[in-house]
Amino acid sequence: MPLFGGKKNKSKDNLTENQQNSTAGSPTRPRNETPSSNGTAKNEVVQKNDTPPPQARPKLVFHCQQAHGSPTGIISGFTNVKELYQKIADCYDMNVEDILFCTLNTHKIDMTKLLGGQIGLEDFIFAHIKGQPKEVEVTKSEDALGLTITDNGAGYAFIKRIKEGSIMDKTPLIAVGDHIEKIDGKSLVGCRHFEVARMLKEISKGQTFTIRTVEPLKSGFSFVGQATGKKGSSSLGTGKQTLRISSKGQAKVEMAEEVVSTATDKINGLLESFMGINDTDLAHQIWDAGKDKDNPHDFTLVIDNSDLAEFGFTDDFVFDLWGAISDAKSGRLTKPSVQEFTEQF
């Protein structure tokens, strides 16, 4: 399979030959011999620096493909989500705006494999590209539409889950993985998921609105065993080095910890129930705000005095968040068993 993005390196033979040529014709002095003046040797002290030079940090390299099918590309040198998307776009000579989202280790539209705030150093990245736009009229006959919305960290909000039996579940053409591009003609490109969720929530019951979505480009085999993405965890597992990235800031390599993964999964579930969004970065930010706190009062003060205050969390919801954090720290919160619980609606 051809590779994109690689660079040829000089061979060791060439490097050795160049070094020999550069020293050819220059007389060499035996080691430890010092030059003399008027036949008298000088007493000189030669100081050696025994400290080895610092080793360069290894360059992290990841393999990627377009989810609908493409040659394998090689990308590296990114420090946040937007740079990652740009590297993929450069690798395939496309516009970065064409990338909707990325999944890890699968080409399917599987929301349990969605690229979040961490990438395993051995993970394979699949980029899902813009496909067919769709536009449909929806009447909000119930208080909730039944959508869980997330975003790619680079300006596109899309559907992560659709509640079974909900309004949107019964609406034709709307599917998991669709980017929500417009509502009633208003562009949502560049909006965060909570802004889109708030806009949909503010639509009055009984009102009819037009929603325009863009589905990911599909391959000929995409309908075989496609995952529904109804439920799932954003965790990449434990005991494995990962590259933690975000929509802003620097990337860093760290060990994925069971307690952090369990806590952020629980926090994400609370965010979904409270706001209808799923955001691994936000879940990590909430965890970081409370992991060193000893009581809910101190945790509440951190929330109120940070940019998390913009979300308008209620007191009850903040208390629920603290419960998830304290349970995870004490070991009372554990990951669900392999048999996944299915909610009945």
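Let me start with helices H4 and H7, which are roughly antiparallel to each other, because they pack at an angle of about 160° and an angle over 145° counts as roughly antiparallel. Please keep in mind throughout that this is a predicted model. Helix H4 covers residues 258–275, and its axis lies 9 Å from the axis of H7. As for the handedness, H4 passes H7 in a right-handed crossing.

Which residues of H4 and H7 meet? On the H4 side they are Val259, Ala263, Lys266, Ile267, Leu270, Leu271 and Phe274, and on the H7 side they are Phe317, Asp320, Leu321, Ala324, Ile325, Ala328 and Lys329. Sorted by class, this contact has eleven nonpolar residues and three charged ones, with no polar residues.

H7, which spans residues 315–330, also packs against helix H6, residues 296–304, and here the angle is about 120° and the axes are 10 Å apart. H6 and H7 are therefore oblique to each other, and H6, too, makes a right-handed crossing with H7. In this second contact, Pro296, Phe299 and Thr300 of H6 meet Val318, Phe319, Leu321, Trp322 and Ile325 of H7. By class, the contact of H6 with H7 has seven nonpolar residues and one polar residue, and no charged residue takes part. If you compare the two lists, you will find Leu321 and Ile325 of H7 in the contact with H4 and again in the contact with H6.

Helix H2, residues 81–91, gives us another pattern to look at, with Val81, Leu84, Tyr85, Ile88, Ala89 and Cys91 as its buried residues. Seen down the helix axis, the buried residues of H2 fall within an arc of 165°, so they line one face of the helix. The face turned away from that buried side carries Lys82 and Asp90, which are exposed.

Now for two residues in strands. Although Ser76 and Leu60 are 16 residues apart along the chain, their C-alpha atoms are separated by 5.9 Å. Apart from its neighbours within four places in sequence, Ser76 is in contact with Lys59, Leu60, Val61 and Lys87.

The other residue is Arg161, which lies in strand E10, residues 157–162, and which is buried, with a relative accessible area of 8%. Arg161 is 15 residues from Val176 in sequence, while in space the two are 5.9 Å apart, C-alpha to C-alpha.

Finally, let me step back to the whole protein, which has seven helices and 15 strands. Buried residues make up 39% of its 345 residues. Of the contacts with a separation of 6 or more, 63% are accounted for by residues 24 or more positions apart.

Methods: Residues numbered from 1 in each chain as written. Predicted model: local features only at pLDDT ≥ 70, side-chain atom pairs only at ≥ 80, totals over all residues. Heavy atoms only, no water. Axes fitted to C-alpha atoms, helices over the stretch in contact; angles between N-to-C directions. Helix = DSSP H or I, 4+ residues; strand = E, 2+ residues; numbered from the N terminus. Parallel < 35°, antiparallel > 145°, perpendicular 65-115°, else oblique. Left-handed = near helix turned anticlockwise from the far one by under 90°. Contact = heavy atoms within 4.5 Å. Nonpolar A, V, L, I, M, F, W, Y, C, P; charged D, E, K, R; others polar. Buried < 20%, exposed > 50% of the residue type's maximum accessible area, 1.4 Å probe, protein only. Arc of directions from axis to C-beta.
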